[in-house]
Every structure is written in C-alpha cells, then in structure tokens.
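Please keep the sequence and the structure in view while reading.

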Amino acid sequence: MPSCVTLGNVMKRIWTIIGVNDVPASFKWYQSLLGLPESEPGHSYFGQILDSDGTVLLCLHQWGEHDHPSLESADNATPGNGLLLFFRVDDLDLALTRARTLVPQL
C-alpha cells in the first residue's frame with residue numbers, strides 16, 4: 001500500500017496509519033471527532049477515514065495483523081513514539097467542542 005500519491009516529483013498527500021485494538025469502534029470514534037457521517041471500515045482489520053471528496057484522512061490498522069513490524073502490538077511500542085497527528089479543520093471551535101465530548105481531558 002503506498003504511503004503517498006505522487007504526480008511527477010510533487011507529493012500529493014500522506015496517509016497516517018494508526019495501530020488500534022478495535023478498527024470498527026475506532027473508525028466510529030474518529031468519524032465522530034471529525035464530524036463525518038458514519039460508515040463502516042472496508043475490513044475488520046483495516047479502514048480508511050475519508051473526507052467528503054474521497055481524500056484519505058486517516059487509516060486505522062488492527063494491531064498484529066499482516067506482520068507489520070511497527071504495528072505488532074501496543075505492548076511493544078512506547079505510546080506516541082514516532083507519531084504526530086495534525087488535524088487541519090475548517091472550524092477549530094466546532095472541532096474542539098466535538099473532541100471535548102469524546103474524551104474526558106484534552
């Protein structure tokens with residue numbers, strides 16, 4: 001699976017892949033956070049969160065599936081090691097309000 005789409009030498013986008021314990025539940029959580037309509041992931045072990053224009057915003061991958069060394073197990077990785085999530089949104093206040101309803105503390 002490509003991590004970016006290129007046109008000549010110009011990078012088009014990067015797909016961030018996050019290891020999760022439960023792809024369908026995590027899929028629903030991120031869709032809620034981003035204010036996207038609910039849909040189901042393509043597979044029980046992998047899903048792509050898409051923007052309304054089809055742009056891949058985020059990929060979720062089941063820990064331990066397909067022998068990816070960096071997605072072996074949450075127990076073998078330091079939380080946050082090597083991962084930075086940057087969410088670009090149209091309305092920060094609205095996104096922050098949604099985020100605060102999903103987590104006890106930001």
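## Overall fold and burial

A residue is called buried here when its relative accessible area is under 20%, exposed when that area is over 50%, and partly exposed in between. The model is a predicted one, and by this cut-off buried residues make up 25% of the 106 residues in the protein. The protein exposes about 7,900 Å², of which carbon and sulfur atoms supply 52%.

The protein has 2 helices and 5 strands, and along the sequence these elements follow the pattern β-β-β-α-β-β-α. Among contacts between residues at least 6 apart in sequence, 40% join residues at least 24 apart.

## The hairpin of β4 and β5

Strand β4, which covers residues 46-50, and strand β5, which covers residues 56-62, run antiparallel and are joined by 5 bridges. Within this pairing, Q48 stands opposite C59 in β5. The hairpin has 5 residues between the strands, and G54 takes a positive phi near 90° there.

## H61 and I17

What does H61 touch, once its neighbours within four places in sequence are left aside? H61 is found in strand β5, and its contacts, counted in that way, are I17, I18, G19, V20, V23, Y45, F46, H66, H68 and L71. H61 counts as buried because its relative accessibility is 6%, a value under the 20% limit.

I17, one of the residues in contact with H61, lies in strand β3, which spans residues 17-20. Whereas H61 is buried, I17 is partly exposed, with a relative accessible area of 36%. The C-alpha atom of I17 is separated by 9.6 Å from that of L57, although I17 and L57 are 40 residues apart along the chain.

Q31 is found in helix α1, which is made of residues 23-33. Is this glutamine, Q31, buried or exposed? Q31 counts as buried, since its relative accessibility is 3%, and, when residues up to four places away in sequence are not counted, Q31 touches L36, P37, E38, S39 and I49.

The structure holds 1 aromatic pair. This pair is formed by W29 and Y30, whose ring centres are 5.0 Å apart and whose planes stand at 85°, so the arrangement is edge-to-face; the cut-off for that class is an angle over 60 degrees.

## A nonpolar surface patch

F87, V89 and L92 form a nonpolar patch on the surface, and together they have about 270 Å² of accessible area. Where does V89 lie in relation to β5 and α2? V89 has its place in the loop between β5 and α2, the latter being residues 92-102. V89 is partly exposed, with a relative accessible area of 34%, and it can therefore be part of the patch, since patch residues need over 30% relative accessible area.

Definitions and conventions: Residues numbered from 1 in each chain as written. Predicted model: local features only at pLDDT ≥ 70, side-chain atom pairs only at ≥ 80, totals over all residues. Heavy atoms only, no water. Pairing = 2+ DSSP bridges. Helix = DSSP H or I, 4+ residues; strand = E, 2+ residues; numbered from the N terminus. Patch = residues over 30% accessible without salt bridge, like charges linked within 9 Å, V, L, I, M, F, W, Y side chains within 5 Å. Areas by Shrake-Rupley, 256 points an atom, 1.4 Å probe, with all protein chains shown as cover. Salt bridge = Lys/Arg side-chain N within 4 Å of Asp/Glu carboxyl O. Buried < 20%, exposed > 50% of the residue type's maximum accessible area, 1.4 Å probe, protein only. Phe/Tyr/Trp six-rings, centres within 6.5 Å; stacked < 30°, edge-to-face > 60°. Contact = heavy atoms within 4.5 Å.
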